[in-house]
Amino acid sequence: MTQHYDFIIIGAGAGGGTLAYALSTTGQRILILERGDYLPREKDNWNADEIFLNQRYQVTEKWLDQAGNSFSPEAFYRVGGNTKVYGAALQRMRAEDFGELQHYDGISPAWELSYDDFEPYYTRAESLFKIHGLRGEDPTEPPASAEYPFQPFGHEPRIAEVAAGLEAQGLHPFHLTLALNRDEANPQNRPCIRCETCDPYPCLVDAKCDAQVTCVDPALQHANVTLQTNAYVTHLETNSTENRVETVVAEVNGQIERFSADTVVVSCGAINSAALLLRSANDQHPQGLANASGQVGRNLIMHNHSALFSISDQPNSTVFQKTLGVNDFYFQGPDQDYPLGQIQLTGKANWQRMSLFAPESTPRSTLEYMAAHSVDWWLTNEDLPRPENRVTLTSMGKIQVNYTPNNLKPHQDLINVWQTHLKQIGFFMFWSQLMPLRVVWHQGGTCRFGSDPTTSVLDLNCRAHEVENLYVIDASFLPCMGAVNPTLTIIANALRVADHLKAAI
Ligand SMILES: Cc1cc2nc3c(=O)[nH]c(=O)nc-3n(C[C@H](O)[C@H](O)[C@H](O)COP(=O)(O)OP(=O)(O)OC[C@H]3O[C@@H](n4cnc5c(N)ncnc54)[C@H](O)[C@@H]3O)c2cc1C
Ligand code: SF4
């Protein structure tokens with residue numbers, strides 16, 4: 001028998017988890033269907049060998065690239081989604097990112113909503129996810145209606161030295177805005193212990209503000225909210241007379257089960273949400289659900305990312321390194337009139353992490369020496385949405401990610417510019433690695449929102465243009481995402497859509 005709910009939310013990650021949290025107080029019957037299980041709490045959460053060498057918590061399925069070669073995506077099917085292992089650097093898009101921006105390789109399109117439309121939701125998202133930061137340090141920061149809820153994470157001595165050296169060159173390093181549950185002044189009051197195993201590890205003591213701890217667990221305190229784990233939604237069925245999702249079909253612990261709801265919300269992550277809509281093709285929707293425009297799966301964006309290890313003679317004994325960012329080249333470079341992107345520190349690299357990028361013959365002792373002396377950066381710039389960058393399904397139903405990076409020239413400019421600055425403060429050896437396709441951490445686009453049903457999949461409330469009770473609220477809705485980490489925008493949008501849905505109850 002089909003079980004009926006007011007809302008079904010498919011996917012318990014940043015988007016779905018936040019929506020469940022925001023709707024949980026309404027008394028509406030809400031079912032969350034999540035294909036993964038809880039990430040186990042175990043000592044291996046903080047075991048570098050397990051995280052980097054054995055990919056312990058990563059999915060085992062393979063996807064195909066555009067040439068048909070299979071690859072293992074760095075994706076995580078868990079209650080909390082990818083946020084279980086995220087770096088928790090949560091940032092607002094810049095106000096300018098909502099407008100049209102000319103990049104080296106073309107245009108980053110304007111959104112049909114403005115920064116001002118999102119500002120109140122960013123403020124709520126920062127409060128919900130306990131953001132630590134200091135307003136006014138970052139020259140590109142957009143206007144905000146509230147202070148950050150928590151003091152920033154302070155720099156450890158080596159990073160304070162680096163920050164001072166950068167400031168002396170006229171740059172504006174700022175404290176990274178982090179979603180971790182810590183009280184820097186009174187650490188005994190909150191669970192975060194500022195350890196070296198944060199980014200990209202799960203948090204053994206549940207101090208990382210991920211979507212499970214922050215949203216799903218509190219939502220489940222309400223009797224009207226149910227979570228079904230190990231529930232892989234295979235497809236959505238529509239009725240033949242109206243454009244409505246009638247049935248959500250899922251494999252629950254291997255058994256097919258059918259569910260229905262007044263409103264169905266897809267939030268599987270940008271690649272899986274597109275795949276779900278494409279898998280749901282039927283006679284009324286032969287190209288896939290909500291896809292008469294042919295836009296589902298298109299305009300996939302991923303960011304261009306590089307890890308940059310910068311090495312000096314001075315040992316780096318920092319434990320919690322991810323405390324500093326630099327946006328001085330966000331909108332233009334010293335010799336470039338186009339945007340370069342964002343620089344931030346990562347979690348402290350160890351030899352295991354470095355081994356992912358080094359030639360196999362590199363001795364462990366060399367990697368250990370380098371890790372002990374390096375300061376480790378993450379450089380990101382915007383890739384531009386292109387219709388040909390798209391998610392498709394093979395005839396066997398496998399996910400194919402047809403993606404060619406673009407806007408790489410400014411990315412290389414950013415690496416070069418950054419090395420020039422680091423050389424001035426004693427770094428003499430650099431090792432950068434552009435992230436390959438398998439690093440699908442910042443996937444977005446694929447079901448972008450807009451008012452024109454021929455160029456967008458969702459309307460501005462994230463409801464499918466063609467299916468009246470279907471919403472998509474994960475990273476799929478993003479028409480573009482600037483060069484900041486995307487998740488705060490996903491969370492803010494889910495809170496915005498929640499207000500829209502609540503108004504209709
Ligand atoms: C290592 C790492 C570090 C990162 N660091 C940062 C950072 O510092 N800052 C930042 O902003 N972002 C970061 N990100 C990105 C961030 O995690 C994502 O932007 C965010 O989780 C995307 O939210 P989402 O709701 O779109 O998808 P997700 O959070 O991935 O949630 C999708 C959920 O849907 C489930 N699902 C998928 N298909 C189905 C199906 N068919 N049926 C049922 N359930 C399904 C998945 O299991 C998953 O739980 C990082 C990501 C990774 C992997
Ligand atoms: S730094 Fe804090 S939030 Fe991160 S893993 Fe350690 S205890 Fe958890």
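Pro 73 is located in the loop that joins β4 (70-71) to β5 (101-103), where strands (E, at least two residues) and helices (H or I, at least four) are DSSP runs numbered from the N terminus. The model is a predicted one, in which local features need pLDDT of at least 70 and side-chain atom pairs count only at pLDDT 80 or more, while totals for chains, interfaces and linings use all residues. Residues are numbered from 1 along each chain as its sequence is written, and chains are lettered from A and ligands numbered from 1 in the order in which they are written.

Pro 73 counts as buried because it has 20 C-beta neighbours inside 10 Å; the class requires 20 or more other C-beta atoms within 10 Å, with C-beta atoms placed from the backbone. Apart from neighbours within four places in sequence, Pro 73 is in contact with Val 59, Trp 63, Arg 438 and Val 440, contact being defined by C-beta atoms, placed from the backbone, within 7 Å.

Helix α1 (residues 14-23) packs against helix α5 (residues 211-219) at an angle of about 35°, the axes lying 8 Å apart. Axes are lines fitted to C-alpha atoms, for helices over the stretch in contact, and angles run from 0 to 180 degrees between N-to-C directions. In this contact, α1 contributes Ala 14, Gly 17, Thr 18, Ala 20 and Tyr 21, and α5 contributes Ala 211, Gln 212, Cys 215, Val 216, Pro 218 and Ala 219.

Around ligand 1 there are 42 residues, of which Gly 11, Gly 13, Gly 81, Gly 87 and Asn 485 come nearest; a residue is included if its C-beta atom, placed from the backbone, lies within 6 Å. Elements giving two or more residues to this shell are α1, β11 (231-238), α6 (270-279) and α10 (487-503).

Definitions and conventions:
Contact = placed C-beta atoms within 7 Å. Buried ≥ 20, exposed ≤ 12 C-beta atoms within 10 Å, placed from the backbone.
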